[in-house]
Amino acid sequence: MKRTITIDGKQTSITIEPQFLEAMKDICAVEEIKIPTFVKIARDSPSLTESTNLSNRIRILVLQWYQQQLEEWMESIRFEGYNAELSPLFTRKKEKEND
């Protein structure tokens, strides 16, 4: 999906899959920022220097955000005595290992 975004008064185009676009919109809603701000963060982030392509940088930033959310969730449930072996994801993984 191609989209044109204005950052600092300049238009730039990105090509990004609909799923990443929706994820980016969700992140922006949670973080209370606008999409151009998110794109600017992806463009300017020194931790994303492995890619010079803006669309790739956006994908990486989306994944990093979700990874951070997962880590925070895992940390919070660890303190609640959650048993990871009861997780459906863990169960499916175990079933595949036994096949």
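**Figure 1. Surroundings of Ile 58 in the predicted model****.** Residues up to four places away in sequence being set aside, Ile 58 touches Ile 14, Ile 16, Met 24, Phe 38, Val 39 and Ala 42. Ile 58 is also listed, with Ile 14, Met 24, Phe 38, Val 39 and Val 62, among the residues that have the most contacts inside the largest nonpolar core, a group of 19 residues. Two or more residues of this core come from each of β1 (2-7), α1 (18-31), α2 (35-44) and α3. In soluble globular proteins, nonpolar side chains tend to be buried together.

**Figure 2. Arg 57, a buried residue without a salt bridge****.** Arg 57 belongs to helix α3, which spans residues 54-78. The nearest side chain of opposite charge is that of Asp 44, 6.6 Å away. A polar atom of the Arg 57 side chain lies 2.8 Å from the backbone oxygen of Ser 45. Beyond neighbours within four places in sequence, the contacts of Arg 57 are Ala 42, Arg 43, Asp 44, Ser 45, Leu 48, Thr 49, Ser 51 and Thr 52.

Figure 3. Arg 59 counts as buried because its relative accessibility is 16%, under the 20% limit.

**Figure 4. Confidence along the predicted chain****.** The mean pLDDT of the chain is 84, and 78% of the residues score at least 70. Confidence is highest in α1, at a mean of 96, and lowest in helix α4 (residues 88-98), at 54. Where pLDDT is low, the predicted coordinates should not be read in detail.

Key:
Residues numbered from 1 in each chain as written. Predicted model: local features only at pLDDT ≥ 70, side-chain atom pairs only at ≥ 80, totals over all residues. Heavy atoms only, no water. Helix = DSSP H or I, 4+ residues; strand = E, 2+ residues; numbered from the N terminus. Buried < 20%, exposed > 50% of the residue type's maximum accessible area, 1.4 Å probe, protein only. Lys, Arg positive; Asp, Glu negative; His and termini not counted. Salt bridge = Lys/Arg side-chain N within 4 Å of Asp/Glu carboxyl O. Polar contact = N/O pair within 3.5 Å; in protein donor to acceptor, adjacent residues only side chain to side chain. Contact = heavy atoms within 4.5 Å. Core = buried A, V, L, I, M, F, W, Y, C linked by side-chain atoms within 4.5 Å. pLDDT = per-residue confidence, 0-100.
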